[in-house]
Amino acid sequence: MDPIREHIDVETRRHFFGRAGVLGLGGLALTDLLSRTARAAEPAPRPDWPAGIGGLPGLPHFAPTARRAIYLHMNGGPSQHDLLDYKPKMDALFDKDLPESIRQGQRLTTMTSGQARFPIAPTRYKFKQHGQSGMWFSELLPNMAKLADDIALIKTTWTEAINHDPAVTYICTGNQLPGRPSLGAWLSYGLGAMNENLPAFVVMTPKFSTKASPQALYNRLWGAGFLPSKYQGVALRSQGDPVLFLSNPQGVDKAVRRRSLDAINRLNAKQFDSFADPETQARIAQYEMAFRMQMSVPELADISNEPKHVLDLYGPEVHTPGSFARCALLARRLAERDVRFVQLFHRGWDQHGNVAGDLPGQCNDVDRASYALVTDLKQRGMLDDTLVIWGGEFGRTIYCQGALSRENYGRDHHPKCFPVWLAGGGIKAGITYGETDEFGYNVVENPVHIHDVNATILHCMGIDHYRLTYKFQGLDVRLTGVLDQAPVKGILA
Amino acid sequence: MALGLRLSALACAGLMAAAAGLGAARADEERGDGEKAKPAAKLPPVSFAHEVRPILSENCFACHGFDAEQRKGGLRLDTREGAFETLKSGETAVVPGDLDESALIFRIELDDDPEMMMPPKESGKSLTPAEIDLLKRWVAEGAHWGDHWSFEPPVKVDPPEIKDPERALNPIDSFILARLDAEGLEPAERAKPARLLRRVYLDLIGLPPTPADVDAFLASVEAGGYDAAYEKTVDRLLASPRYGEHMARFWLDAARYGDTHGLHLDNFREMWAYRDWVVRAFNANKPFDQFIIEQLAGDLLPNPTLDQLIATGFNRCHVSTSEGGSIEEEVYVRNVVDQVDTNGTVFLGLTIACSRCHDHKFDPITQKEYYQLFAFFNNIDGPALDGNASRWAPFIQTPTDEQKAALEASDKQLAELRARLADETAKLAASYDPKLDENQSEEPQRGDFVWIDDAFPEGAAVQGDGAFVAGPDHPVQSGGVALRIEAAGLKQKVIENPAAKLKIGADDVLFAHVYLDPANPPKEIMLQWRVGGQWSHRAFWGENLIDWGKDGTHERTRFGDQPARGEWVRLEIPAKAVGLEPGTEIDGWAFTQFDGVAYWDKAGLLTQTPQRGQTYDGLSAWVRAKLADDGAGLAEPIKAILKKPQAERSDDDRKALLEAFLPDWTEGRKALEPIRAELAKAEAERKTLDGSISTTLIFRERKGDPKPAYVLNRGEYDQRGDEVGRALPAFLPPPTDDAPLDRLAFARWLIAPEQPLTARVAVNRFWQQVFGIGLVKTSEDFGAQGEPPSHPELLDWLAVQFQEDGWDVKRFMKRLVMSSTYRQSSKIDPASLAKDPENRLLARGPRFRLDAETLRDQAFYVGGMLVEEVGGPSVKPPQPAGLWEAVAYTDSNTAKFTADTGVDKVHRRSLYTFWKRTSPPPQMTTLDAPSRESCQVRRERTNTPLQALLLLNEPQYIEASRDLAERVFREAGSSPEERLTLMFRLATSRAPDAADLEELRAALRDFTDHYAERPDAARELINIGEVKPDPKLDPSELAAWTMIGNVILNLDEVLTKG
């Protein structure tokens, strides 16, 4: 038998807990301390839900409809005209100029503001209605179309930003300038964690198909901004350690690590005896949690026990580490383990040109897996208390950027309307919300600002967005800004 | 301070209280309740500035404050007049001394009438009973009114009387102790010398003392007393170059310094000269007022030095972009806004940013004043978009001494060559025979400009088939050779990217000579021309077999049947006929054929347009050519002379014309060519030299009138309101001189003696650096919404003293660390923890986790592997693969991370680590370092499992553990005790006690047994890192000791400054 293992078996109990006087608290209190990150838990909002650990007192503000959320972010600005916002009248207007009455002098990016004309580029893809709801989907999303009766599709989300960096920073952190906490950071700050062995907010950046240079991401999109950094998203990586520095160094096995932690913790306990600094106790607890994460994270990332029918549901790409399908499956596994918020950032949706060459591959990356994720959650009964969000940072123009033909065209950024869909806990299933004009250019009914989308997400999680604030630079800063914003009542179940 | 920390402190306090049998009393009772319990008679008068105004600000100002647009019911509570006046409704908010008549009191106690109660429920605010009680007492005491505390000039009051004057070592202590006396708290005992030594080392130089330092200190304490020994040490530390490196770190967070642009592409930005300037400034103890002036307005000082210009980089550190599609003005406004907001936070401690969109709700800054401040920064001499270039104007070179010498040599060489060129030109001018031009017309005439004959144009890339062949075996039309192409199917010779393009003029005609082999003629011949990289102009003869381009357009035009065989035929193609408009420049030419054999020769352009590289036999020929092209490329005065009729030109005109012509004179070209070639070479070398010299971004004013600034409605760049000039906020003292209002005046205004904020804000940050929390906890906000100071008189005393000392930073730091307050033990006593969990009252010494940089530097230093070299380009120590790639724009020049190698790069202090702002080094951010995307003057301090994983497993920390092990093998005796003792001392600055040793010895035994059986694992472990282990050491033994190093470097005592 390994001498260290033997040692641990005896020593852990005898020394670590039994060494009388450690912290002067006795074994029970210390066990309790080690199992908690910060403070006593808030009572769970529903008896069958785990309690939040380390959230704010008084939260949730009201009974949540979802206790966790998975956000599938399509970075770059997916083209609503070719995917989810069907405009049949455009076909007859091929290469006709977009009427000035529609554009209304709206500001354009400098990529197309110099164009002599703004010719309409009708989609080359066929649209069909699906499900009982009759929701429209393009042929590029054959699997997602099967969710027609599961999701609420908002066609009228809008934003002010027209370039990627500010727009994606805006939708993810509520502000176009860097420095603010991200949605997930707010959620973990407010609600705390539900699993002691995993971070409350996990981020993945799956692979993508486009061969064109995709837009960048920024750590700030899942950062903590001015909130303490422990609330920032933890990247679950497909390369190297799934969580940074998770693995023991080469040549250090679990037994050695356990033995070294025992020494560290005991010496730290002695340090606490001398200085009585509560932070020392917290450190002991964090080192123990790190050790537990060393087991729980690899277990999480290992999909070998997933049954074949589940793997088949996500499609063959699920076998490729780092694929969107694999990440979607991992998102479900994280949700299953009560990780509060999981966010996937899928890049490459910025089709300024070559929609025909580029968009199908992007759709292929996510179509089946997005469907599979919702279906998988549903089959497990988890869709009732899990919120799923799908969308980008803005939409694309109906008019063409660059060369236009029936077969191929490009589209510039369009902030005035774009689709976002939500599904799961607290969301009405099978509805299309909001209407755009026949050019898919302006909102004619039920505009939804990106702050409203974030307010809706918070609402489902039991948070009054107006009351989730943090004092920064003298202000009660909130995710949803200073103007009047509200959850989208029309899509709430 | 981290919420987590405070809460965990409470949880623990609660646990301890429970364990001690004190029942369920929680430690987080509000102080107000405690005060309430005291007999009323003993209460000191309520302080408006420190107690009342914060309550009003937090709960009332949003609707009854400075912002007129939001004001409800006509009531204004941020001014005395507003609060005391009788409103239209007949109510008066505050009637001094009269609780019943004061509507303010009435409204806050109306808890049975939610409609009327203030603050309204929907505001989410509510008053605690203690706050209500305080407001009532304030009214009852006569409602004393004052300005917000931080807008009043600081007053240096005498340090208060204290119970035990012996305890105060300097005035700081009197203020702290007086408060402790009042709160009934006892200060802690003095820290033990070794602990204090470690603390002060970490606070002043960011590295711990070595055991030798400790021994020397203890000896000197023994010899000359604790105080004298300590003071000597402090002086020595302040003189160390490590001091500047440590101090700079905090400033660089505030300045948002980074090594990339921070937005979108997030390309490399070379800016480290500014970072090094900050280090130098602290080391040289540059007075803080001067430090401010140079960073804000170094460029406006008379004859600014290079260093003063580098300092202005402070206002260029903000993030920037060149994202495609960006609107220049929008980005421009964002840049300036960042400058204004950062200056507001760093120097004034004000949240000026709020008034970008509307009048500030809490502080008296109007939106107009915001844009008046904006106007100070609104005139930079450079573009808004960074062009994704490191050298984003304005920037400046920062040459090394060697490079300075090279620059001087290059200047000299260039001057000499230019002089020689001028000499030669003058000689040529004298030698030119004017008779050549007699009777020569200056009317433009068309002529053949031969582009291809016996050779391809200079610099062109040539590919494809065919070769030059010579007579007499082959037909040759001109010169010595012709180009022969033999084809079966499609063959061609393609000539691209020549140094000089062929410029098309109006009605020009392209020509080429062709000879078709009579025995084996091609079925089709084609000429193609490339413009702007595109081949889309083609002419062909014969069959239509080559199907490039759209038939019948200039992409493929037929010019007739095959020319006659067996003879030279000149093909002529009007440029217009193949879609080549005047002004077009051809950058490629192709001879193409289908089947057969053809010879091609002498090709070019029948033109009157001067072509690049063309020479002329005489002045008249030159004038003809230049006139045909309207003098393109010539200086304006020469153009004017050119256009005068020949007879009207003066002698000077003729002379000027001749000089302009000489370089194009066939004879002149020959004579000048060698000098020109030398000059070109020297210029190219200079360009390379310039490119190799580091640069840094600076601030420089545009010439001419300042750019106008406008109030921007809701802060939107495209919604301009009234134009505004430069002015300083009215609620602060005006500038005292009448110097022109520019950035220099702004900087001088900041450091003026009347200015109440700058010194307070600065000393508070230094305090925060050492004590963990500032006297004003919200070090970024001294406004109404900020937290009032814990020790207002002390803050003022420090601020005034700092100015009286000439803004002497070292002296200030010394004063902090010389105080008995600083020198207390950081041992926590349960009573003071319960009463003061955050240690705001300082009944004990500061104790908190070290910052990311200090932790890493300490580990390197303790392991003896820290490479200490001050300054230079940023370095890239290893980090896990794929972090940059996961987020980066593919085309970014920081898309892929490649670690540096060599200890002189990867073992440097963390200050020098390359900071990519969209993906900062995880070794830093995991431990709460900011991303440097925006100004940050206060770091959170958290305690997370991810930090534990980093400190336990990150390869550089493992390498430090192994180096620590190797070090004790070298430096300690051979017994485990000696080695363990030295290791422990290196990391903690104290000798281990018996229990420490026993714990480590037990672990060492287990590790030793473990690795003795696993030599392969041992080798794996000790081979981690840049430097390989000492081969003389036994791998298993070294591995076991490496794990001991890992244990020691992870001890709370090592991670904490205590």
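**View 1. Cysteines without disulfide partners.** The structure, a predicted model, holds zero disulfides over all chains, a disulfide being a pair of cysteine sulfur atoms within 2.5 Å. The sulfur of Cys460(A) lies 18 Å from the closest cysteine sulfur, that of Cys172(A), and is therefore too far for a bond. For Cys935(B), the closest cysteine sulfur belongs to Cys317(B) at 11 Å, again too far for a bond. Cys460(A) counts as buried at 0% relative accessibility, and Cys935(B) counts as buried at 16% (buried: under 20% relative accessible area, 1.4 Å probe, protein chains only).

**View 2. Extent of the contact between chain A and chain B.** The contact takes 94 residues from chain A and 104 residues from chain B (heavy atoms within 4.5 Å). About 8,400 Å² is buried between the two chains, 57% of it from carbon and sulfur atoms; buried area is the accessible area (1.4 Å probe) that two parts lose on being put together, summed over both. Phe245(A), Phe275(A) and Gln473(A) supply 10% of the area that chain A buries against chain B, more than any other three residues.

**View 3. A salt bridge across the interface.** Lys471(A) forms a salt bridge with Glu58(B), with the closest N and O atoms 2.2 Å apart. Ten salt bridges are counted between chain A and chain B (a side-chain nitrogen of Lys or Arg within 4 Å of a carboxyl oxygen of Asp or Glu).

**Conventions.** Residues are numbered from 1 along each chain as its sequence is written, and chains are lettered from A in the order in which they are written. Local features need pLDDT of at least 70, side-chain atom pairs count only at pLDDT 80 or more, and totals for chains, interfaces and linings use all residues, while side-chain values use heavy atoms, leaving out hydrogens and water.

Key:
Buried < 20%, exposed > 50% of the residue type's maximum accessible area, 1.4 Å probe, protein only.
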